[in-house]
Amino acid sequence: MPRKIAAGNWKMNGTEASLAELAALTANHPAPSVSVLLCPPATLLARMSATAGPIATGGQDCHAAVSGAHTGDTSAQMLADAGATYCLTGHSERRTDHSETDAIVAAKSQAAYDAGLTAVICIGETLAEREAGTTLAVITAQLDGSVPATANAQNTVIAYEPVWAIGTGLVPTTDQIAEVHAHIRAQLSDKDIPLLYGGSVKGTNAAEIFAVPHVDGALVGGASLKAADFSPIITALENA
């Protein structure tokens, strides 16, 4: 069975004072029965990793190259050196804001593997694609183009995040989530890669989402910034 993961993406939020939320989270979950992951901004990664206890840490992005003249970028090796064990790749905000293609996402994911990190590869359709009825075709194309051939249950997590549900408060129906997760599982039928759902996940809807077949956890945005908001999601996954 795929492992269960509650992952938090802090995005471009957090300063040193925010590490108090990590302390509160580890106090609430000193020995979680599921994997818990936080992806802070790069400026906090080393400090968070040093005090994360049972919580894993990850980068929000990496460069495909090991090193070089790439001002402002961070390599997967650098993330690992800072204490990370995971790295997000292909988040819709990277795909949109930085014009990242599936090929770029695949290269970054392979770089994460090479550095010993687990890549959390994000996929998802836009509202226009959902309304056009092309969701499953979009998901298939993103899986084919973004997931390296070397992906396996140890080095890869897939996060399905419908772009139209991220930070909007809109949440797909459980039937919609079930359809996409079943489709992804069928595409990856030879691998027990964990499948996460992301997009406006909160403590109030987490249990319902985790009851959907093939949902092995969540990639959480805003609700992961505060321990009081993230803890109920972790607890819901532990009870799923």
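The following legends describe close-up views of a predicted model.

Figure 1. Strand β7 (residues 195–198) is covered on both faces. L195 and Y197 lie on one side, L196 and G198 lie on the other, and all of these residues are buried. Strand β6 (residues 156–160) pairs with β7 in the parallel sense over 3 bridges. Within this part of the view, A159 stands opposite L196 of β7. Strand β8 (residues 217–220) also pairs with β7 in the parallel sense, over 2 bridges. Here A218 of β8 is the bridge partner of Y197. In general, the strands of a sheet pair through backbone hydrogen bonds, in either a parallel or an antiparallel manner.

Figure 2. T118 belongs to strand β5 (residues 118–123). The relative accessibility of T118 is 10%, and because buried means under 20%, T118 counts as buried. A polar atom of the T118 side chain lies 3.2 Å from the backbone oxygen of Q154. Leaving aside residues up to four places away in sequence, T118 touches R3, T85, Y86, C87, Q154, N155, T156 and V157.

**Figure 3. The packing of helix α7 with helix α8.** Two packed helices are described by the angle between their axes and the distance between the axes. For helix α7 (residues 135–146) and helix α8 (residues 174–187), the axes come within 10 Å and cross at roughly 35 degrees. The crossing in which α7 passes α8 is right-handed. On the α7 side, the contact is made by T135, L136, I139, T140 and L143. On the α8 side, the contributing residues are E179, V180, H183, I184 and Q187. Sorted by class, the contact of α7 with α8 has 5 nonpolar, 4 polar and 1 charged residues.

Notes:
Residues numbered from 1 in each chain as written. Predicted model: local features only at pLDDT ≥ 70, side-chain atom pairs only at ≥ 80, totals over all residues. Heavy atoms only, no water. Axes fitted to C-alpha atoms, helices over the stretch in contact; angles between N-to-C directions. Helix = DSSP H or I, 4+ residues; strand = E, 2+ residues; numbered from the N terminus. Left-handed = near helix turned anticlockwise from the far one by under 90°. Contact = heavy atoms within 4.5 Å. Nonpolar A, V, L, I, M, F, W, Y, C, P; charged D, E, K, R; others polar. Buried < 20%, exposed > 50% of the residue type's maximum accessible area, 1.4 Å probe, protein only. Polar contact = N/O pair within 3.5 Å; in protein donor to acceptor, adjacent residues only side chain to side chain. Pairing = 2+ DSSP bridges.
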